[in-house]
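Please look through the sequence and the structure shown here, and keep both at hand while reading the short report that follows.

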Amino acid sequence: MATTATDSALANFLAHSLELESEARERYGELAESMDAHHNRPVADFFRRMAAEAEHHLQEVAALAGHMTLPQLKAWEFDWPDAEPPETASYEALHYRMSLRQAMQLALANEHAAERYYREFANRTGDAGTAAVANRFADEERGHAAELERMIAALPASGLHLREEDDEPHMPE
Amino acid sequence: MTDAIRLKAKDYKSEVKPIWCPGCGHFSVHNAITKAMAALGIDKDRTVLVSGIGCSSRLPAYVDSYGFHGVHGRGLAIAQGLKVARPDLTVLALGGDGDGFSIGGNHFIHACRRNVDITYIAMDNEVYGMTKGQASPTTPMDWDHSKLTPHGPGVRPFKPAALALASGAPWIARGYSGNPNQIAKLIAEAVEFPGFSFLHVMSQCITFCPEQTDWKAIVTESEAPPLADADEAAKQFLHEDGFQTGLLYREQRATWPPPGATAAEEGAPGELAAAFRV
Amino acid sequence: MSTRYLSIAITGAGGAGVISCGELLLRAWAREGGRGLLRKAYGPQIRGGESAALLKLTADERYTAASRYDAVVALDWDNFTRFEDEIVLDADSWVLCDEAQALPPAVVAAGARVVHVPFDELAAACHPEGRVNMLALGVLGRLLGLPATTLAELAGQKLAGKPRDYRDAATACIELGAARDIACQLPVPPLGNKGAWYLSGNQAAGLGALEAGIRFVAAYPITPASDVLEWMAGGLERVGGQLVQAEDELAAINMTIGAAFGGVPAFTATSGPGLALMTESIGLAVASETPVTILNVMRGGPSTGIPTKSEQSDLNIALHGLHGDAPHLVLAPLDIADCVFTTGWAVQLAQRLQTAAIVLSDQFIGQSTAIVSEPRRCAPFAATPAQDPGEEGAYLRYRLTGSGVSALASPGDAGHRFTADGLEHNEKGTPSSRQSDHQRQLAKRQDKLTAFDFGGDWAQIDGDGPVALVSFGSSAAAVTEAANQLAESGVATRVISLRLLAPLQTAALAAALEGCSRVFVVEQNHGGQLFHYLRGQLDFGQPVHSYALAGPVPLSPENIAQAVATVIAEATRS
């Protein structure tokens, strides 16, 4: 079957979207485990939820791709606006005593970045079909962001010095 | 010290006679050390020569001063511990290329970095002489005279001057055993320099590397003043042939100890104990 | 259940501040004249892991690990399973915890009495920066009869660098906890004299070394010895000494030797893996007769082993790890307070005998904190008749003398120049491969140790019974406790706790064992290292048994007593 320009554009887009969602799922999963190991239950649970959402969206994208042949790119061959895909929370942004509010704000920034990415992709691509899909994805991300904003607003007030700990760091080896 | 009682170089030699092979370059370094000590009027009782293991490490016994003949590769650690505890002493560390750049490599790097006020003379004959001729970290890649590496080491040799520079040594010089007077001058300057001075002496091994007698044809004496810019020095040290002699690099850098050390307090040990009382 | 001690475990995770709570409680208890021990247990995380503060409040200063716990205060139950083998509970135990979290099955199975304290809720309601550990501190303080003002004062000192409202929250939570009536009663041990000391074995060893004259330390960090070096860094600065952080243990021991050669008493501290690296150069100190002291805070071995747990498995390397015939000193402090005496003694012995001294402490005493009466010190050695190096130019550094000790000159001494050497040498110090020189110098280095009168401190000996219990270092406490239990069941013992392991005082040991019908050698390692050493050094007239159990769990007095009783019973039957 000959590959049309449309197919190419869409295939490239879907390849990127799949990578975006699967990286997000993996990353949120890792962060949840890290928070589990450091006994920050509320944040761990939240990151697990975010991983599940990413998985859900990943399945949607996979279904859309159907039996299309997608380009097989290495991790560093994808074209992202920053070093990592938009919805992938940075490892460095974490602290073992970060509050749920801080975790949610981190996720919110990710949703905004993902929305921006999809919106710009839609604007950049010359292919109408691809643009339509990209815009739909952008709308979904905006919906996620709105949900997070509601959750953040509903959080109780917390102390200023949550990161303070009385005990010294431990030398495990 | 008045001229009347000023010692001559030979007065700094001990009565122990060196057992190096005739033709060995280390004789020149021995000669140079005693000349430098005489020129500086150094107090024998306040001077310590510290070495590791190897032909060149035998040197302390041949000089009439205090000495410590330590284990392989650790002379620089002994020398630094000694100088830090007794800053009033003149401390010279000595050793070969195997002692200093192989087993002693880590201590060499950190000594350059720590900048304790000692002088380190590395006598480099590009071979392990005492153990009968194995390749060392400065042996040329294709030198195939060792049974241990019959096809040659096959890896590129270190450039000690470049290593010293990258590790932070503020004073780097090179000598050649064919010119003991130049070595003596450099040793005198090294001892007077406040900080870690690294003198890399190309010192031939007549027994295992007889071809090193050809060095005299390629050694050149630097006419330029020592570099003070690390960038320029890096370029030079990485690309040179390794046979340029003289003071090659010198910068001013704060010596050990780092700032913040305080003087002893009266009654302090008692106060330390008292701090544990509830 | 005896009121001789009260054991309390405080557990929690995620940065709850469990250890701080335990430390503050013990300090406050010390203020009132109490005695006690604090051990710490952790998960593998550097921050935010599960942790446990294990307190044993006692009527005396015999500090063994608790075999069961009277109370657990669980700030949360996260990963409590890590500690459940150690925090043994039974129907007489109390558990204070938040109702919100389910009890671990082990706690339920123990049948302990549970009292719910809503820690999270109370702390949050008390202050926006309120923390559960300070609340628990107040609660525990009340149960022990400690004034809340003392707790608040000590907490204030600990939190001195923190934000103002964080400190206020701590005070408020302590007061709230102290005001709360908890339906729980703990048997509180009687108080002792005030004016005691509060310190860890590592700090004690550092103090002993400094007081004995150490003024140079080379340091390479390793668990669990880094605390010693860090304490000494501060201490040395106060007394005008020097500390250099070395690039590795090989540099550390050689720097120590260099400083010692310069006449400055020098010291380093490490653990098993570091000692292994140092052995070649410790041999250099022995051969060149340069005085050095090396503290080995033993941990689980072999190789990387169990770095944060205690064991006594470095006896072999301390005794036999130097190549060649290299006699030297090996000592082992018996408890936290004894770290001051034994380390000080080791330093003085090393200086006097011009050799290497290896001091075998361990993680248990090194990193536990205890309240102790003023520790005994090692008195300064009387000066020997002046060991005159002799005329200038005729100095024999390694002169053969009656005592085996030859005068030691240092750089700066006029006319006594010499070169110290790892090579075998003659009396002058010139390298020599002659049999006569080797024989004489070997004998010199050995005889100077065996001829020395070490006095009565080589061991602590208690009791007169026919059953001898022999151990070394920190096993002393568990063995002594086992001896008490055996006495209660009619078995009289003689407890011999060895402080000086090399040179072994064989004549004195043989005399101490005279009249004993049976000997048990107790130690915390797998291979029976002390057992085999003693059997190689002594002709025992009586049966000798080995009780050798490796870490990570501390030796149990009950298990030791039971093992001894079983052997005796079997022997009696047959």
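## Where chains B and C meet

In this predicted model, 52 residues of chain C are in contact with 41 residues of chain B. On the side of chain C that touches chain B, the element that gives the most is helix H9 (residues 249–261) of chain C, with nine residues. Sorted by class, that side of chain C has 27 nonpolar, 14 polar and 11 charged residues.

## A mostly covered helix

Helix H1 of chain C, which takes in residues 18–31, has 14 residues and reaches 20 Å from its first C-alpha to its last, close to the 20 Å expected at 1.5 Å a residue. Of the 14 residues in H1(C), 13 are buried, and the helix is thus described as mostly covered. After H1(C) comes Gly33(C), which has a positive phi, near 100°.

## A residue in a loop

Glu86(C) lies in the loop of chain C between strand S4 (71–74) and strand S5 (94–97). Is Glu86(C) buried or partly exposed? Glu86(C) counts as partly exposed because it has 18 C-beta neighbours inside 10 Å, whereas a buried residue needs 20 or more.

Leaving aside residues up to four places away in sequence, Glu86(C) touches Ala41(C) and Val553(C). Although Glu86(C) and Val553(C) are 467 residues apart along the chain, their C-alpha atoms are separated by 7.5 Å.

Technical notes: Residues are numbered from 1 along each chain as its sequence is written. Chains are lettered from A and ligands numbered from 1 in the order in which they are written. This is a predicted model: local features need pLDDT of at least 70, side-chain atom pairs count only at pLDDT 80 or more; totals for chains, interfaces and linings use all residues. Helices (H or I, at least four residues) and strands (E, at least two) are DSSP runs, numbered from the N terminus. A residue is buried if 20 or more other C-beta atoms lie within 10 Å of its own, exposed if 12 or fewer, and partly exposed in between; C-beta atoms are placed from the backbone. Two residues are in contact if their C-beta atoms, placed from the backbone, lie within 7 Å. The expected span of a helix is 1.5 Å times one less than its number of residues. Ala, Val, Leu, Ile, Met, Phe, Trp, Tyr, Cys and Pro count as nonpolar, Asp, Glu, Lys and Arg as charged, and the others, Gly among them, as polar.
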